[in-house]
Amino acid sequence: MISSEDPAGQGGPAQGRLLKAPENFLDREGIKTVMSEGKRGRRDFIRNAFATAMAGAAATTAHAQANPVGVEGGDANILNLPPHSKGLGQAVATDGYGKPSKYEGNVQRRQSPGLTQTTQASVSFAPMQSLFGIVTPSGLHFERHHQGWWDIDPSKHRFMINGLVKTPKVFTMDELMRLPSVSRFHFIECGANTGMEWGNVAVPTAQYTHGMLSCSEFTGVPLITLLEMAGADLKAGKFVLAEGADGSSMTRTIPMSLVTSGQVLVAYGQNGEMLRPENGYPLRLVVPGVQGVSWVKYLRRVEVGDQPWAAKDEAVHYVDLMPDGTHRQYTSIQECKSVITTPSGGQVLLDKGFYNITGLAWSGRGKVKRVDVSVDGGRNWRSARLETPVLDRCLSRFNLDWVWDGKPAILQSRAMDETGYVQPNYTQLRKARGTRSIYHNNAIQSWMVQESGEVKNVQLS
Ligand SMILES: Nc1nc2c(c(=O)[nH]1)N[C@H]1C(S)=C(S)[C@@H](COP(=O)(O)O)O[C@H]1N2
Ligand SMILES: [Mo]
């Protein structure tokens, strides 16, 4: 019953993890019974939803007939011991670095069917619909390269601080890694994430609508520490310029206020190991809450200055065309946004009954405060459970119980951050931003569940 079709029609496997077969939902009964200190009301709600959903189907299945206890008793296959329960398993993995199960081969970064394919691909999207919790595994982190990626020899890499400083400094990686470090969880989102939806190009899955988004634990040295070592003029120096070592001449202006607050990191670590080459190995800037382009990879230089540089990626690209025809510049903060990752486009609901609606919410201005979910296209809203930890400028996971009655439904999530800002719908977004923008689309996403159970990307005003 799981659709193995490729909704994007690009010849690849299915878009990640689809909802599991009804048998698997029985496993969730097990989960319920061990949640002994859980809230009784909710457990009863879940049990009743399962019972209703399974009543019809279970009576006709072979395993239910073999087992008179039926649904509550579970699947008689539990009595068949498979070879892995009786024989000797494999020795420790010999390749030294672990890999996901072969059964998870569909969970991959992919190029978007909505983008023109070039000989050298420059964006890969993370499979948002297949991920749990808040951390993006490093091998699934989205990629955006303006001039290809490199695997730079860390022993040859150098990092310089110059400009309005007493003593310009050049650091080796060894020197940087001796300094006091911090580790912090943050999301990174490309300013162009969800960009295609401005033109209502409904790409099929959450991977393509929201997959230029990832979240990692980053480790590095606060940039302010290095600026102080160089004797930076923090009065006249109102901005810094960050420059990458790849051929894209990636240079971005960052306000000094973000640096002096200690938030901006010169990072070498990602999820407990060194950065991946695709993500800037051996050094990248981490600018929490700010759009991805400012997180300069292969970081080679930071210059202190007294005014913005208006570099090419600030004057020509990464500007927002407004309804009155002017361009808005330096809009770097990623405003509060959320998306339901399951059920989401390309997935199929297998039957009526209980489903866990789950998704992610984030804000470039702080912590997520609340996420409301609608299953009727925005007429009624219920507050979702925000899972802990809820961190500053980090992805937050939300969950909500839902019983699908088998009728068409439109699922939406609407996040609010600690500043009180509420994620807009498309009417509100277009009123403020017009219709011809590319960057900073944080509108409410709608997924339509059809009677067949198939979930489609739709746009509501
Ligand atoms: N040196 C360099 N830094 C860069 C880029 C680049 O092409 N070169 N791309 C930027 C853009 S547009 C984004 S969205 C992020 C993407 O980071 P990731 O590839 O680690 O996901 O890196 C930014 N930093
Ligand atoms: Mo980007």
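Helices (H or I, at least four residues) and strands (E, at least two) are DSSP runs, numbered from the N terminus. The model is predicted, with local features needing pLDDT of at least 70 and side-chain atom pairs pLDDT 80 or more, while totals for chains, interfaces and linings use all residues. Residues are numbered from 1 along each chain as its sequence is written, chains are lettered from A and ligands numbered from 1 in the order in which they are written, and side-chain values use heavy atoms, without hydrogens and water.

Q: In which strand does Gln-270 lie?
A: Gln-270 belongs to strand E9, which covers residues 265–270. The protein chain has 23 strands and nine helices.

Q: Why is Gln-270 called buried?
A: Buried means under 20% relative accessible area, exposed over 50%, and partly exposed in between (1.4 Å probe, protein chains only). Gln-270 has 1% relative accessibility, so Gln-270 counts as buried. Across the protein chain, 50% of the 461 residues are buried.

Q: Which residues does Gln-270 touch, not counting those up to four places away in sequence?
A: Contact means heavy atoms within 4.5 Å. Gln-270 touches Ser-138, His-141, Ser-216, Glu-217, Phe-218, Leu-275, Arg-276 and Asn-279.

Q: What makes Asp-313 a buried residue?
A: Asp-313 stands at 2% relative accessibility and therefore counts as buried. Asp-313 lies in helix H8, residues 312–315. Leaving out residues up to four places away in sequence, Asp-313 touches residues including His-146, Ser-249 and Tyr-318.

Q: What joins the side chains of Asp-313 and Lys-312?
A: A polar contact of 2.5 Å joins them. The term covers a pair of N or O atoms within 3.5 Å; within protein, one must be able to donate a hydrogen and the other to accept it, and residues adjacent in sequence count only if both atoms are side-chain atoms.

Q: Which residues come nearest to ligand 1?
A: Phe-142, His-146, Asp-246, Arg-284 and Lys-297 come nearest, out of 22 residues around ligand 1. A residue is near a molecule if one of its heavy atoms lies within 4 Å of it.

Q: How far do polar atoms of Arg-144, His-146 and Asp-246 lie from ligand 1?
A: A polar backbone atom of Arg-144 is 3.0 Å from an oxygen atom of ligand 1. For His-146, a backbone N or O atom is 2.7 Å from a ligand oxygen atom. A polar side-chain atom of Asp-246 lies 2.7 Å from a nitrogen atom of ligand 1.
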